[in-house]
Amino acid sequence: MILLRDKIFRRQSRMERRETISFYLYILPWIIGFSLFTIVPMCSSFFYSFHKMSVLDLTSDTYVYVGLGNYKSLFRDTMFLSSIGNTFLYAFVKTFATLFFALILALFINTGFKGNKFIRILIYLPAIIPGVASIVVWSQLFSKDFSLLNYFLSFLHIPPIDWTNYETSMGSVILMSVWTGIGPQMLVVLAALQAVPSEVIEAGKMDGASAIRRFFSITLPSISPTLFFLSLTGIIGGLQAYAEMQLLFGTGTDKTMTMAWNVVLNAMSLNGTKTMGYACAQAWILFIIIMCFTAIYFIASKKIMPNNGGKK
C-alpha cells in the first residue's frame, strides 16, 4: 500500500510539473513582450529622467546627469501645470458624460421596443470608425470656414460658433470623445442591466415600488460594479489623451495641452532644457498621478458601492 501510494504521488507530481511547464511555455511570449516593451522602457525612462539629454543621445553616452533637476523644473513649468488641469478636466467630463448617456441609452434599449437592434447598431457605429478618420470628420464639422454644426444651428437662429477657438476648444474635443465612446459603454451597461435578476425586480413591483424607486434601489446597486469599472478605465484612458488634441488642433495651448501630449512634444524636442530627459520625468509624474488616483478611486468605491465590497 505504501509503495502504491508513493507511485501515485510521484505520478501526480510529474503531472503537476508537466502542467506547470506547459503553463509557463504558453505565457512565455507574453512575458517576453511585456519585458521588452514595458519593463525595459519603464526602467530606461526612469534612468533618463535624471539626465539632460535629447532623443539623439539615446545611442550615445553624451547625456548629462542632473539629479532631480528635471523634476524640480516640472513644477515651475506653467504649461505642464496647465496640462495637468486640462487633462483632469477632459478625463472627468468626458468619462462621466459618456457614462451618463450610455446609461440612458442602455435603459431605453433594455425596454425591448421594436427596432432596438437597429438603434443599438446605430449607436455603436461610431466606435468602429478608425480614430484618425473620426477626428478628420469632426475637424470638418468644427471647420471655421464652413461648419456643418453651425449650419444646423442656424435653423435655430443660433449665431455661428468658432468651435476651435481658445475658449471652446476643450468643449469641442470632449463632444467628439463622448460621441465615439458612447457605443461600447452602452453595450457593457446593457449587458449589466440584462444580468439583473428579474425575480428581484418583480418582487419590487409586487411591493408597490415605482419604476424610479426600483431603479435606484435595485438596478443601480446591481450594476454599480460595472459603472465603477467603466468610469475607472475611462478616466485612466482620458488621463493619457493625446491623439484627439493633436490631430484636431495641431498645436497646443494652455487650454488644450494634455500631459501625454506635452510628454511627446518634449521628447521629440532637440534643443533647450525640455528634451527627452525632461519628458521622461513628466511621464513618471503622469504614471504616479494615475496610480494614486486609481488607489483613491478603489478606496472610495468600497465605501459608496455595497456590491464592491463596501458598507451600504
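These legends go with close-up views of a predicted model of one protein chain.

**Figure 1. The whole chain, for orientation.** We start with the fold: 12 helices and two strands. Walk along the sequence and the pattern reads α-β-β-α-α-α-α-α-α-α-α-α-α-α. The chain has 312 residues, and 35% of them count as buried. Take the contacts between residues at least 6 apart in sequence, and 67% of these join residues at least 24 apart.

**Figure 2. The largest nonpolar core.** This core has 36 residues, and the ones that touch the most other members are Y90, V173, V189, I223, M245 and L248. Which elements give two or more residues to it? They are α3, α5 (131-141), α7, α9 (211-239) and α10 (243-249). Helix α7 puts in the largest share, with 11 residues. Zoom in on I223 and, leaving aside residues up to four places away in sequence, you'll find it touching L103, A192, L193 and V196. There is also a second, separate core of 20 residues, and Y71, Y278, I285 and I289 are among its members.

Figure 3. The structure holds 16 aromatic pairs. Follow the ring pairs around this view and they tie F88, F92, F96, F228, F293, Y297 and F298 into a cluster.

**Figure 4. Helix α4 and its cover.** Helix α4 takes in residues 116-128. At 1.5 Å a residue, its 13 residues should span 18 Å, and the end C-alpha atoms sit 19 Å apart, so the two figures agree. Look for N116, I123 and P126, the buried residues of this helix. What lies over these buried residues? The cover includes α3 (78-109) and α7 (169-194).

Figure 5. The buried ones are M259, A260, W261, N262, V263, N266 and A267. V264 also belongs to α11, but at 31% relative accessibility it counts as partly exposed, because that value falls between the 20% and 50% cut-offs. From V264, look across to Q282: the pair are 18 residues apart along the chain, and their C-alpha atoms are separated by 9.8 Å.

Figure 6. Is T87 buried or exposed? With a relative accessible area of 0%, T87 is buried, since the cut-off for that is under 20%. Setting aside residues up to four places away in sequence, T87 touches G238, L239, T258 and M259. M259 turns up here again, having already been listed as one of the buried residues of α11.

Figure 7. How many disulfides does the model have? The count comes to zero. C43 has 52% relative accessibility and counts as exposed, because the cut-off is over 50%. C292, at 42%, counts as partly exposed.

Definitions and conventions. Residues numbered from 1 in each chain as written. Predicted model: local features only at pLDDT ≥ 70, side-chain atom pairs only at ≥ 80, totals over all residues. Heavy atoms only, no water. Helix = DSSP H or I, 4+ residues; strand = E, 2+ residues; numbered from the N terminus. Buried < 20%, exposed > 50% of the residue type's maximum accessible area, 1.4 Å probe, protein only. Contact = heavy atoms within 4.5 Å. Disulfide = S-S within 2.5 Å. Expected span 1.5 Å × (residues − 1). Core = buried A, V, L, I, M, F, W, Y, C linked by side-chain atoms within 4.5 Å. Phe/Tyr/Trp six-rings, centres within 6.5 Å; stacked < 30°, edge-to-face > 60°.
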